[in-house]
Amino acid sequence: MAKTNGKKLQSRSRRRKISNGITYAVLILISVVWLFPFVGLVFQSFRSYATEYGGMVSYIIPKAFSLDNYAYLFSDECSFVRWYLNTLVIACFVAVLNTFMVLCVSYALSRMRFKGREALMQFWLILGMFPGFLTMICLYFLLKQFGLTQEGAIPGLILVTVASSGMGYYVCKGYLDTIPRALDESARIDGATNARIAVTIILPLAKPIIIYTALVAFMAPWCDYVFASYVAFGYSDSYNVAVALQRWVWTNDYQGYFTRFCAGGVLVAIPVTILFLCLQKYYVEGVTGGAVKG
């Protein structure tokens with residue numbers, strides 16, 4: 001009997017090792033495929049157009065590494081720093097204001113009960129099914145009436161992004177629903193107001209979803225191209241990095257700007273990558289906690 005059990009354990013252990021080996025092999029293959037474009041982008045950013053052919057080449061690793069592309073981005077003849085700061089300003093304002101709006105809407109829908117609450121949630125759910133492209137032309141002419149295009153494109157983009165942020169309450173509300181309502185009731189017995197309950201009790205417990213909401217809001221402006229290109233059309237000082245780098249790809253000197261485009265892409269990824277790595281724990285807690293209950 002003991003020998004039979006030992007053989008069964010060895011067989012299970014062998015199958016487990018084989019299964020784990022196959023799983024790791026598949027994950028490594030997926031990682032290589034997924035990371036290949038990013039590795040190629042980084043390598044191409046260190047390839048100098050002055051010493052190597054600047055367009056499409058048959059190799060990934062540069063024959064001679066150079067910082068010429070990064071030096072060009074910070075030179076006087078390039079406005080990359082201005083575009084970068086434009087995007088950073090938009091991202092910071094959007095992260096703060098979006099998080100505030102989403103928290104307010106989510107708290108009201110999660111912790112309060114009022115007439116029309118269910119109808120409002122259903123209406124927002126149906127409204128969210130329509131793509132934002134349908135309102136793009138209307139929003140552009142509306143912003144133009146208030147001088148929030150071209151020279152005023154930056155505050156215009158912030159306004160449009162923040163104005164509709166309350167409709168993205170789903171994940172945040174789901175997380176707040178997991179916080180026991182008994183805490184609210186106990187605080188009210190002690191005479192606490194809704195504002196005090198939200199600030200002193202709910203918000204400290206909702207730290208993961210707050211960080212998740214802020215991080216998602218911060219990431220959005222870095223890859224916003226379509227609407228940003230309409231609002232800032234023809235005025236390069238109001239471009240964000242996505243619009244500016246795309247303009248480089250459209251130039252006739254594609255071969256010369258390709259490596260500079262890669263260098264700009266690397267710099268664009270730095271703040272988002274650092275934030276995500278530092279806040280990854282809270283990001284995962286927020287998205288998983290918000291998916292538990294809606």
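1. The structure is a predicted model, in which local features need pLDDT of at least 70 and side-chain atom pairs count only at pLDDT 80 or more, whereas totals for chains, interfaces and linings use all residues. Residues are numbered from 1 along each chain as its sequence is written, and side-chain values use heavy atoms, with hydrogens and water left out.

2. An unreviewed UniProt entry annotates residues 21-43, 83-109, 121-142, 154-176, 197-220 and 257-279 as "transmembrane region"; such annotations may be inferred rather than shown by experiment. Residues 121-142 are 64% helix and 0% strand, with end C-alpha atoms 27 Å apart. For residues 154-176, the end C-alpha atoms lie 32 Å apart, and the span is 74% helix and 0% strand. Helices are DSSP runs (H or I, at least four residues) and strands likewise (E, at least two), numbered from the N terminus.

3. Helix α7 (residues 170-177) and helix α10 (residues 207-219) have axes that come within 10 Å and cross at roughly 175°. Axes are lines fitted to C-alpha atoms, for helices over the stretch in contact, with angles from 0 to 180 degrees between N-to-C directions. The two helices are therefore roughly antiparallel (an angle over 145 degrees). Contact (heavy atoms within 4.5 Å) involves Val171, Cys172 and Tyr175 of α7 with Pro208, Ile209, Tyr212 and Thr213 of α10.

4. In the lining of the largest pocket, α6 (153-163) supplies at least two residues; its share, five residues, is the largest.

Key
Parallel < 35°, antiparallel > 145°, perpendicular 65-115°, else oblique.
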